[in-house]
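Open the model in your viewer and keep the selection panel at hand. The stops below say what to select and what is there.

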Amino acid sequence: MLNQDRYFDPNPQVREIARELYSSVKDLPIISPHGHVDPRIFAENTPFPSPTELFIIPDHYIYRMLYSQGIPLEELGIPTQDGTPVEKDHRKIWQIFGKHFYLYAGTPTGAWLTHEFEDVFGITEKLNGDNAQEIYDHISAKLQTPEFLPRTLFNKFNIEVLSTTDGASDSLEYHKQINNSDWNGKVIPSFRPDAVVNILAANWKDEIAKLSSASGIDVNNYKSFIAAIENRREFFKQMGAVSTDQGILSPFTHQLTDDEADAIFQRALNGNASVEDERLFIANMLMEMARMSSEDGLVMQIHPGSFRNHNQVIFNRFGLDKGCDIPVQTEYTKNMHELLNKYGNDPKLTIILFTLDESNYSRELAPLAGHYPALKLGPAWWFHDSIEGMTRYRQMVTETAGFYNTVGFNDDTRAFLSIPARHDLSRRVDSNFLAGLAARHIINIDEAKELSYQLANGLVKKAYNL
Amino acid sequence: MLNQDRYFDPNPQVREIARELYSSVKDLPIISPHGHVDPRIFAENTPFPSPTELFIIPDHYIYRMLYSQGIPLEELGIPTQDGTPVEKDHRKIWQIFGKHFYLYAGTPTGAWLTHEFEDVFGITEKLNGDNAQEIYDHISAKLQTPEFLPRTLFNKFNIEVLSTTDGASDSLEYHKQINNSDWNGKVIPSFRPDAVVNILAANWKDEIAKLSSASGIDVNNYKSFIAAIENRREFFKQMGAVSTDQGILSPFTHQLTDDEADAIFQRALNGNASVEDERLFIANMLMEMARMSSEDGLVMQIHPGSFRNHNQVIFNRFGLDKGCDIPVQTEYTKNMHELLNKYGNDPKLTIILFTLDESNYSRELAPLAGHYPALKLGPAWWFHDSIEGMTRYRQMVTETAGFYNTVGFNDDTRAFLSIPARHDLSRRVDSNFLAGLAARHIINIDEAKELSYQLANGLVKKAYNL
Amino acid sequence: MLNQDRYFDPNPQVREIARELYSSVKDLPIISPHGHVDPRIFAENTPFPSPTELFIIPDHYIYRMLYSQGIPLEELGIPTQDGTPVEKDHRKIWQIFGKHFYLYAGTPTGAWLTHEFEDVFGITEKLNGDNAQEIYDHISAKLQTPEFLPRTLFNKFNIEVLSTTDGASDSLEYHKQINNSDWNGKVIPSFRPDAVVNILAANWKDEIAKLSSASGIDVNNYKSFIAAIENRREFFKQMGAVSTDQGILSPFTHQLTDDEADAIFQRALNGNASVEDERLFIANMLMEMARMSSEDGLVMQIHPGSFRNHNQVIFNRFGLDKGCDIPVQTEYTKNMHELLNKYGNDPKLTIILFTLDESNYSRELAPLAGHYPALKLGPAWWFHDSIEGMTRYRQMVTETAGFYNTVGFNDDTRAFLSIPARHDLSRRVDSNFLAGLAARHIINIDEAKELSYQLANGLVKKAYNL
C-alpha cells in the first residue's frame, strides 16, 4: 500500500528530484521537540494494550471522524466523566473502526495509519469490515513481543530526542525514572503552565495548591505566584527541558503593573475574577514568560487560536480533548505588538509562534518572523499538519520569511506509534516542495539539498538548542 | 471549442486517471437540490424567449461583468423599478454581449456559456462582435423547435430532480401544475422564509399578511408566527420539499425566550424594531428552524455572508439581485456555538453550511463538520463555484472533514440552460482532484472510483434524502 | 544561474506555451506607473555609489532578512536618527551580506538580486562569503563606467515611463530638471498627500506649513486645506502626473460635512485631535480625493492595511521604512461602501485598490471589481509581489473579476536596478499562469497571446491613461 513515491508530484522531473532529496533525509534521526506522548510508557516499558486502546480510545484525531458520521462516542469506548458504562468489547469497537476506515480517505490520519499498519506491523491490506478481526489479531500478537515494547520501538524509530508537555506542578516522576534507568533514550519535559494561568478554570484553586506544593512556595499573591513559576521552570530545566509552551485563545499581550496583576490574582483567589481579568492576566503572563525565557534561555512556544471544548455536551460527558476544539480567527500584528516591542529584538531569545488560522501565514506571521530576530514560525499545526496544509504553509511563508525563520517539524502527537509516519510525511512533503522550486529553477540543486537537511534536522536543533 | 480534456491537469498520468473517473460519472443523472430556476417554465412549457431574454437580461452573473467595464445596465435591457425605458432591441443588446464576450476569458461564466452554446445549440465558434447576429439567429431558430421546449430539455439534460427555492407564502401553484400534468419531471420546492424573518425589510408587514393568508393563521404575535411557519413547512413537505434555506448576513445563533421574541415581534409590527432586534430575531429563527428540522426532517441549509444590494444606486433603480451583492468576512465558530450545542449532536438532523469566505474552509468549517454529526458542508458557492474555487474547497476541506462530511454539488442557478454545463464542470474538477490524489498515491484507484460516484451522486442523495 | 525556463511549470506542455507567451512580451517596454525611485538620480545622472550603498543600505527588503537572523542594523551601516555611529566600512557590510546570501533562497529578493547580478553586471556565480569581495570589486568597477550611469541604464532597461511617488508639498525640482534636460526619459510624479492628511503625525503642523508655502494658499482651515490640495494636484498634473496615491491603515470611507471636517481640522491645529478625529478625517479625505479624481481625471490609488513602524525600537533609532511595517486584517466591503456608492458607478473614474490581506482577493476585492465600473484591482503588492503571491492573486481574482478589471504590474520599488528583474519575473509568472489555463483548455492559445500582451502592457497603459 505504501508506494515509494507517495505524496510526490507526478511530474517526472519534480518526482526525480524529490526522490533524491527524500533519500538524503529519510534516515536522519527523528527530533520531536513538541508533543504529548505520555512519558510513563517509557518509564514502565510494559507491552502496549489492545489495538483499540492503542489506536482509537486515546486519539481524538481518529474518533472525531467516526463521531461526525453519527457513531456515538460510547460505542467507541470513550470513558465518561461520571463513569456511565461505555462499550468495553474492544473487538466490537475495532470492527466499527474497520468498517468505517474508508472515511479517512484523503486525510492525514488515513495516511499515518496506513504507514503505521504497514511499516510498524507489516500489514499490507487496507483495513475494512472484512479483515478487521484478522488485523486486530495480527496487531495484538505483535504487541506482546519484545520487539514492540515502547523503549525498543523508540530506538527502532531512531528518535534522538522526544519532548513531552507537562503541567507546571508535574513531579516529572516518569522523566526521573527514565533518567535513572539503564535505557539511554532521551525523553525531556516542556513547561506548560496553562492550568495555573487560566484563573477562571473550574479547578484553578486546586492547581494553585498543587503549584504551592510542587514549588515549596506558598502561592498566595502575584509575587509568590511568579516566584513559584520561576522555581518550576528552573526544575524543568534541570530535568532537561529546553522549552515552554502556552495554549491560549488569543495572542493578546500586555504588561500589567505588579499591583494590577496582584489585584486580579486576589480576585481570582476570592472567586471574583471577571472574563476581562483573565484576559489581562493571560496577556501579562505571556509578557512574563517572555521575560523569564530571556533570562533562563528556555524557548517560548505559543499555540493560540483554539476555542476549546466547543461542544459542551461532549465536554460535560467525556471531558477535555475529545476532538471538539475548533479554531477561531486570530490576530497577531496588534496583539503581539507589546511583547515584540519589549522582547522581539533580542537575538538570544527564541519565541516560536503557531497558528490555526492560515490566513495569517502570508499576512502577519511571515512578515513578523521576517523582521523580529527573536521570532520564528512553528510548522503547520494540528488540522494543517497534512500534505496540503504543509504545502500551503511553505507556499505562503517562504517568500517573505525564507526557510531560516522556520523551525522544522513538530509532530505534536499523543500517538507514539504515529511518530515515524508523521515525520516521514513531513520529510516527503518538504522534499517535494523543494523539488518543485528546483524544477522551476527558483533554487538550484545544491541549495535544495542543504535546505532538505535544514528542514529535517538542522533548523529544529538550532531553534530548540538541541 | 470544447476540448474533451478540458479542466484536467496536463500531467499525462493525472489526465489519464481524470479521464477514467470522469467517464464513469459523466452520464449519471443530474441531482439539483438547491437552485433558483423558475418552476413556471416547466408548468407552462412554452418556448423560451429571445436569446437576449434567455441569457442576458435575467442573469446577473453575465451582466455584472459588462457593467464593471462601463456598460450601463440600461443598454443591456435590464428593466428599471420605475419603468423608465431601457434598451428594447434584443439584437442590439446581443451585439454588445458578443463584442465583449472576450471579457469572460478565464471565468466560469465563460466556461458555462461556451458549453451551452456548443453542447445545447451546436455552436462551435467563439462568440464575438462579427458573428453575434448569426449566432443570435441560430439560437432563436432552435428555441422555436419542440426539442427546445423546457420539459424536453429537462429530460434531455437527464435531470433526476430539480429543487427550486420558494418564499414561505408561495402558493407553489406551478409545482402543483407540474405534479398534476402528465409530465413526470421531478421539480420540488424548498422553503426559504427570509422575507418573513427579516423584520426590518421595507415590505415585511406585507409579507406577514401574505403568510397569514397562505397559512390560514392570523399572524399577530410570535406564537402565531411560529405556528404559521410550521404550517407552511408542512405544506412544502407535502409538496415534495426536502429542505429549507436561509440567506443571512451573519450566522449568529441565539435562542430567545418566547417573551423576548414576542416583544421584538410586536415592535416590528409597530415599526419600532431596531437593528439589534432584527439581529436577535434572525439568530433566534435559526435556532427555531433547526428545532423544526429536527422534528419534521427537512434538511436545513444556511447561506451566510453576503452584503446584499451593496450598490444602492443600482438597487434603487433596478431592484434586488442585480449583481451587487458582495461577500463579507464571516465567523462561524462563535456564531454557531449555541445552535450546534443544542442541535449539532443529533445524527438524524442535517444542517448544510455554505460560505463566501474561503478563509473559513480550513479554519472553521472543516473542523466543525469533521466533528458535529448534524453538520455537513455545502459545495463551493457562488463566486467560488468555479474551477479554482472548487479546487481550493477540496484542498482546504478534505484533510480535516474528509469527503463524507460534504454533500456533492449544487448548481444554485437561475439559468436553466446552464445546469448541464455546471454539473459537467463540477464532475470534471472533482475527477481531476481525485486523479491528483491517486497519482500521488494518497488514495488508490478503487477509492478514487468510489469517491467519484459519491461526489457526483451518492453524497447529494444521502444528504438531501433523495 | 538564470535558467531560461525559470519560474515556468515543469510540465512540458505548460512550459512550451509559457515560453511562447513570454517570448512575445519579454522585450515590450517597461511601464512603471507606481514606485519609489528617487528622481534625483536621473536629474543629476552621476555614477551610483558603492555596491553596499546601492544594494543594501537603502533597501529594507534586503536588510530585514539579515536583521531577522540577528544581525544588528548598525553592522549593516543603516544610519541612525541621532547620528550615533554605525558601520562605515562598506566592504565589511558587503561581506556580511555575501556570507548570509543563502538566507534569500526561495524569496523574490533572492530572485531579483540574482537577475540583477547576472543580467546587469554579468556575474554568473552565486554570491557567498568567499567571493563577496571579488564581486564587490566587479560591481564597483562597472558602476564607474558610462554604461552604468542612471540615464543610460534607464534607456537600456527600455523603460517607457517611470512614476515616482511624491509628497503634496514636493517642489518636483528633480522632475523639472529632467524635463528641462536634453534627456528624453519619461519620469513623472504621483501625488501622495499622506503627510498632510495624517493629522496626528508628529510633524503634521510642519507639513501644513510646507503645504501653505508650496500652494501659496494660507492653510488655516478645512476650506483652505482642500483648496491647497486641489492646487497641488493641478501642479502635479501639469508636471505629468497621471495618478494619486494614499497609504492608510484602514480603507474606511465617510463623507463629513464641511463643518465637521473643519472642527476636526481646528482641533488638529490646536493639538487636540483624537484618534477618532484622525480616523474620520482620513475617511473623509478618501471621499474628497475620489471627488477630485472624478473632476481632474487623476487615477486614484489606495494602499491600505499596513501597520507602519510596528517595531518602535527600530523606528526610534532608525526612522521610517526600515522593514518593520506589518500587514493587518483589512475589510473593504463595509469600509468602501460609502465611497463606492458615491463614486463607484462613474465609468470615467479609475480607483485602483491594493491589499496586503490576501483573504480579500476572492472574498471582497474580485466581487467589488467585478461589479463597480470605477474600480480596478492593483497587482499583488509588497510581500505578495512574488512568484507564489502573483500566482495566488491570479487564481483568486480571475474567475470573478476577469483579467480586464486588473491593471497589469507595478514594481513599487525604491531599487532602480531591480526594475527589469521585477518586470521580468512578473511577465514570466503571468505567462506561466496563462499557459496553465491554455494547457487545461480554459482559454485557447489566441486568447492567451492577447492576454499576455494585456497583462504586460495593454492594461497598465489603459488604466493609467498612459
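Select chains A and B. In this predicted model, 41 residues of chain A are in contact with 38 residues of chain B. Two residues are in contact if their C-beta atoms, placed from the backbone, lie within 7 Å. Now colour chain A by element. On the side that touches chain B, two or more residues each come from α4 (60-68), α6 (108-121), α15 (312-318), β9 (326-327) and α18 of chain A. Helices here are DSSP runs of H or I with at least four residues, strands are runs of E with at least two, and both are numbered from the N terminus. Which element gives the most to this side of chain A? It is α4(A), with four residues. By class, this side of chain A, facing chain B, has 19 nonpolar, 16 polar and six charged residues. Ala, Val, Leu, Ile, Met, Phe, Trp, Tyr, Cys and Pro count as nonpolar, Asp, Glu, Lys and Arg as charged, and the others, Gly among them, as polar.

A note on conventions. Residues are numbered from 1 along each chain as its sequence is written, and chains are lettered from A and ligands numbered from 1 in the order in which they are written. As the model is predicted, local features need pLDDT of at least 70 and side-chain atom pairs count only at pLDDT 80 or more, while totals for chains, interfaces and linings use all residues.

Select α1(A) and α20(A). Their axes come within 9 Å and cross at roughly 45°. Axes are lines fitted to C-alpha atoms, for helices over the stretch in contact, and angles run from 0 to 180 degrees between N-to-C directions. That makes α1(A) oblique to α20(A). Angles under 35 degrees count as roughly parallel, over 145 as roughly antiparallel, 65 to 115 as roughly perpendicular and the rest as oblique. The crossing of α1(A) past α20(A) is right-handed; a crossing is right-handed if the near helix is turned clockwise from the far one by less than a right angle, and left-handed if anticlockwise. Show side chains: A:Ile17, A:Leu21, A:Ser24 and A:Val25 of α1(A) meet A:Ala448, A:Lys449, A:Ser452, A:Tyr453 and A:Ala456 of α20(A). The contact has six nonpolar, two polar and one charged residues.

**The sheet of chain A**

Select β1, β2 and β4 of chain A. They form an open sheet in the order β1-β2-β4, with parallel pairing. Two strands pair if DSSP finds at least two bridges between them. β1 (30-32) and β4 (187-188) of chain A stand at the edges, each with a single partner strand, so one side of each has no neighbour in the sheet. Two bridges link β2(A), residues 159-163, to β4(A). Zoom to A:Ser163, which stands opposite A:Ile188 in β4(A).

**Last stop: chain B**

Select α6(B) and α19(B). These helices pack at an angle of about 120°, with their axes 8 Å apart, and their crossing is right-handed. For the strands, three bridges join β1(B) to β2(B) in parallel. There B:Ile31 has B:Val161 as its bridge partner.
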